[in-house]
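The sequence and structure are shown first.

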Amino acid sequence: MNNAAPAALVTWLETRLPRLIDDVYAAVCDRIDLYRDEKIVPRDDLHRSIAVNLRFMVTALAGNHTDADLAAPVETGSRRAHQGAPLPEVLQVYRVGCAMLWDMVVDQARNHGGPATTDTLVDVASLLWQVTDDHAVRLTEAYRAASAELLVAQQRRRSALAEALFTGQRVFNAGPWEAGKLLGLSLDGKLAVVAAETRGLAEESLIGVERRLARLGIVSAWQLTPTLQAGVVSLRDEQRDPMLAVLNEVAVARAGVSPLYRSLVETPRALHLARTALAGLPPGKPDVRPFSSSPLAAFLAYDPDEGRRLAEEVLGAVLDQPTEERDILLETLHAYLTCGGSSDRAAEVLHCHANTVRYRLRRIRELTGRSLTDPRAIAELVTAAQALRLNPGRRAPGAAPAPQTDGKH
């Protein structure tokens, strides 16, 4: 195969280039929806790109091109990626241009060719397909490289905007509402914050979570720090359970989830609650724990040390019992309070007789000196039990075992 098309053919093509460029431009605008308006690619940009790349093809047919000449497809691929033009439509322009260039060569050969016309066409065809393929490869590589850079830049920007929500800081006089809008979060729905510990230093523990949630129509934005992977999730009430299901499927470390909230201004508070839920999980085991929807739990989460002191003061005598008895009494108290003060319902939950529940409750009264019929005592027990659930296995710093009481309050 020759390394170049006949000089006469190349010279003739060069004289026809202006008309060919206009014809290809018109065909592209007519055949490809993307280019029928200027929403993505401006018309003058499209025309210039077609002209530059067709001149490159003709130059390549003359055998005069070098690797430096491949700057044309590289520049086109990168620019189209930044404009957001889909790669298939970008490559389709080259197919249209190449096909029309080939049709022009065939017409010229038929009308003015001699005995060697067939051999010439074969040589030109081989060279043209080789040039076109090389052209398309360079364009595709440049497009994908630029797309990867844009994706990284977009992820960094979303991470920075998520950080602005988590910290409550204003950026360029833009507040949480503006940041949420840029992130695509719904401003009239509900939100939740997810906080997961990292598997290692800055290593995600909720791999692919944003993509998985997006499949369910749930928008989220995430930030990764050396020790925490945190996200703001925009969802409807009925999407909460599917969200939790996804988190349980992808989590390879502990994760906490805040209660649902409405205003982006509350995101720092929600992050704190999500981290509190995370801290309440046993270390070393992947699990997802939603924070209680109780306002009391949220109140206690803001002063965990005071919560531990309160639990120590109210339930200290229970905490001082042998491990087995302590755990049974605390489990019974929690079941009783969760079941609205019903011993019968608590017994069903605990799989024991109602009289057993009543005996354990009397034991709690003896140890704490607080009656479950006294409203103030009940309030203290509920608060102390909630504080313990927020900080399981922790006592107030420097606390001594609580003294036994005489059963009175």
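## The second largest pocket

The lining of the second largest pocket comprises six nonpolar, six polar and three charged residues; here Ala, Val, Leu, Ile, Met, Phe, Trp, Tyr, Cys and Pro count as nonpolar, Asp, Glu, Lys and Arg as charged, and the others, Gly among them, as polar. The model is predicted: local features need pLDDT of at least 70 and side-chain atom pairs pLDDT 80 or more, while totals for chains, interfaces and linings use all residues. Residues are numbered from 1 along each chain as its sequence is written, and side-chain values use heavy atoms, with hydrogens and water left out.

Of the 15 lining residues of this pocket, Gln 155, Glu 204, Glu 210, Trp 222 and Gln 223 lie nearest its centre. Two or more residues of the lining come from each of α5, α7 (209-215) and β2 (219-224), and the largest share, five residues, belongs to α5. Helices (H or I, at least four residues) and strands (E, at least two) are DSSP runs numbered from the N terminus.

The volume of the second largest pocket is about 360 Å³. On a 1 Å grid over the protein atoms alone, a pocket is an open set of points with protein on both sides within 12 Å along at least five of seven lines, whereas a cavity is a set where a 1.4 Å probe fits but cannot get out; lining residues have an atom within 4 Å of a point. Grid points are joined across faces, edges and corners, and a volume is the space filled by probe spheres set on the points.

## The cavity

One cavity of 30 Å³ or more is present, and the volume of the largest cavity is about 120 Å³. Its lining has 15 residues, with Ser 49, Ile 50, Asn 53, Val 93 and Tyr 94 nearest the centre. α2 (43-61), α3 (71-83) and α4 each give two or more residues to this lining; α2 gives the most, six. By class, the lining holds 10 nonpolar, four polar and one charged residue.

## The bend in α1

Helix α1 (residues 7-31) bends by about 55 degrees at Leu 17, with Pro 18 following within four residues. The bend is the angle between axes fitted to the seven residues ending at a residue and the seven starting there. Buried residues of α1 include Leu 13, Leu 17 and Leu 20 (buried: under 20% relative accessible area; exposed: over 50%; partly exposed: in between; 1.4 Å probe, protein chains only).

Because Trp 102 lies in helix α4 (residues 87-112) and Trp 129 in helix α5 (residues 117-167), the pair ties together parts that are 27 residues apart in sequence. Trp 129 counts as partly exposed, at 43% relative accessibility.
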